[in-house]
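Good morning, and thank you for making the time. I would like to take you through selected contacts of one chain, so please look at the display first.

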Amino acid sequence: MSRVGSALIKGGVFRLVALAISLLLQLAMLPFILQALGSHQYGLWAVVGAASGYYGFLDLGVSSAITRFVSRELGRGDAAKAAEYVAASRRVFLQAAVGVALLSAVIAWFGGSFIDTDGDRLLFMQTVVITGLGIACTFPSKVHVGILTAELRHDVIASLGLASHLVRAGCTYLVLAQGGGLLGLAATNAAVSMLHAGATVLAARRCCGHLPYVAGPSSMIRKELFGYAGYSLLSRLADFFRFKAHPLTISAFLRFSDVTPYAIHDRLQSVVVSACDAVLSNLTAVFSRQEGKEDQRAMRRLFFFAYKISCYLGGFSLGLLVIMAPAFVERWLGPGYGLVVTLLYIRAVGALAGIIQMPVVNLLFGSAQNRTYAYTNCVHAALTLGSTVLLAQSWGLVGVVAGVSATTAIMKTGVQAQAACRMVGLSLMTFHRTRTLPHLAIVTLFLLPIAGWGYLWLTPTWPRLIIFGAVSTALFGPYVFRFGFSADERSLLFRSSGFDRWLGRKAS
């Protein structure tokens, strides 16, 4: 198997392990943080997190553009031109860091004017400024993240991320245990983010030092970079209203305390989405390399293979979450959080649609079709924002989540999937009939007896929850490997994992 395939497997494993540990830390820390801050301040923290999503817009979409163009030029074997794209982005991130610092002050003042209580207003403003300064210091490292991604060094990115999560969890516990409160939590997150950024810069220079230094790129390079980045920025603006604006909507039409059950349900479903993303989001750079080589056949083959994996992974992960949710939430947070489970059930349909279409997003970005994704994402964001605002006033939190789930399912499986279908030469109906439904049917056949077992045996105790999750996952792996892939695909996975080389060494 090629070096690229091995790098994807290695990077995926590193990302999954790092993600699993970091998510376990987050899930373990959430009850402690909730108890230390209280429902009101935790809701305020969630609102600050949503407001800080604005800062990401100041990279102007250059983060994804670096990966796209550096990957393409590496696929063509032109390291010198790849370095020009790096140089074009370097100044953008330095200027963006200054912009983030200024924007944090604007958001603090503007957002605080909507808060009636003096104590909450001051706390919000201070937390926003601290968070903003921390994020500003991380912006220069974004160029190095892009280089590592283009070089398929997801293992390095994942290792650094895991280290930062471990440090953040330990520091957060110490600060909150000593009564640091919301401001202490914000300062801890800012400090750890800065350390993470510095480590990323050092790692990129060590792993990817073969790229030459270029002081000033040509105007053509800058034009191409920003042309692509503009549509990526538009996509990110739309993503903010799709994912980050809901706590703001809830706090505006409901109460700060109502943000808490939404934030908890959103954290749980994001565990599944992030786990799937850890495996599937590695493909953008590979599509760019294949596009640079003008290998359309390889792009089509990779897309279909990745789509199959996304269906299996998303269907199983969300199915297991739905089965385990009532017992897990009761054991994790205690009784009285049944609304969180209800929100998870409603969100599951949209989350599944988003996961199984992840290869579509990778294909569009990797082949410079991000313009299509940007336009459809804007429509998606407008529909999501409109439906959640409308339904929140009549149905509360249930209406907000229903609006998010329904619009995601429609846009992902319809509009955005259609864009990929045009590229691979299939109609939308044929694509879902021959790809989506058969793949999901294989997962459903496995989950039906698992759901019956869970109904009869699962209780809100940690031993049974752990055993149920571990056994279900252990059984699903061999099942889908045998019945979900062809003989050629099984051989491909076997070779990519390195087991063939390991067995060869053992035999010798």
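Which backbone oxygen lies 2.8 Å from a polar atom of the side chain of T384? The backbone oxygen of H380 does. I call such a pair a polar contact, that is, N or O atoms within 3.5 Å, where within protein one must be able to donate a hydrogen and the other to accept it, and residues adjacent in sequence count only if both atoms are side-chain atoms. T384 belongs to helix α15, residues 370-424. Helices here are DSSP runs of H or I with at least four residues, strands are E runs of at least two, and both are numbered from the N terminus. T384 is buried, at 1% relative accessibility; buried means under 20% relative accessible area, exposed over 50%, and partly exposed in between, with a 1.4 Å probe and protein chains only.

A word on the basis of these values. The model is predicted, so local features need pLDDT of at least 70 and side-chain atom pairs count only at pLDDT 80 or more, while totals for chains, interfaces and linings use all residues. Residues are numbered from 1 along each chain as its sequence is written, and side-chain values use heavy atoms, with hydrogens and water left out.

I turn to charged side chains. Side chains of opposite charge can pair when their charged atoms come close. The whole structure holds 1 salt bridge, defined as a side-chain nitrogen of Lys or Arg within 4 Å of a carboxyl oxygen of Asp or Glu. It joins R347 and D266, at 3.2 Å from N to O. Because R347 lies in helix α13 (residues 338-356) and D266 in helix α10 (residues 256-280), the pair ties together parts that are 81 residues apart in sequence. R347 is buried, at 6%, whereas D266 is partly exposed, at 22%.

Helix α13 also contains A351, which is buried with a relative accessible area of 9%.

Next, the aromatic rings. A search of the whole structure gives 17 aromatic pairs. Rings of Phe, Tyr and Trp (its six-membered ring) pair if their centres lie within 6.5 Å; planes under 30 degrees apart are stacked, over 60 edge-to-face, and the rest tilted. One of the pairs is W453 with F468, tilted at 40° between the planes and 4.6 Å centre to centre. W453 is in helix α16 (residues 428-457) and F468 in helix α17 (residues 462-483), so this pair ties together parts 15 residues apart in sequence. W453 is partly exposed, at 28%, while F468 is buried, at 0%.

Ring pairs also link F316, F446, F476, Y479 and F483 into a cluster. Over the ring of F483 sits the charged end of R482, 5.4 Å from its centre. The criterion is NZ of Lys or CZ of Arg within 6 Å of the ring centre and within 35 degrees of the ring normal. K142 likewise lies over the face of F139, at 4.9 Å from the ring centre.

Finally, helix α8 (residues 219-244) includes S219, an exposed residue at 53% relative accessibility. The C-alpha atoms of S219 and A88 are separated by 9.2 Å, although the residues are 131 apart along the chain.

Thank you.
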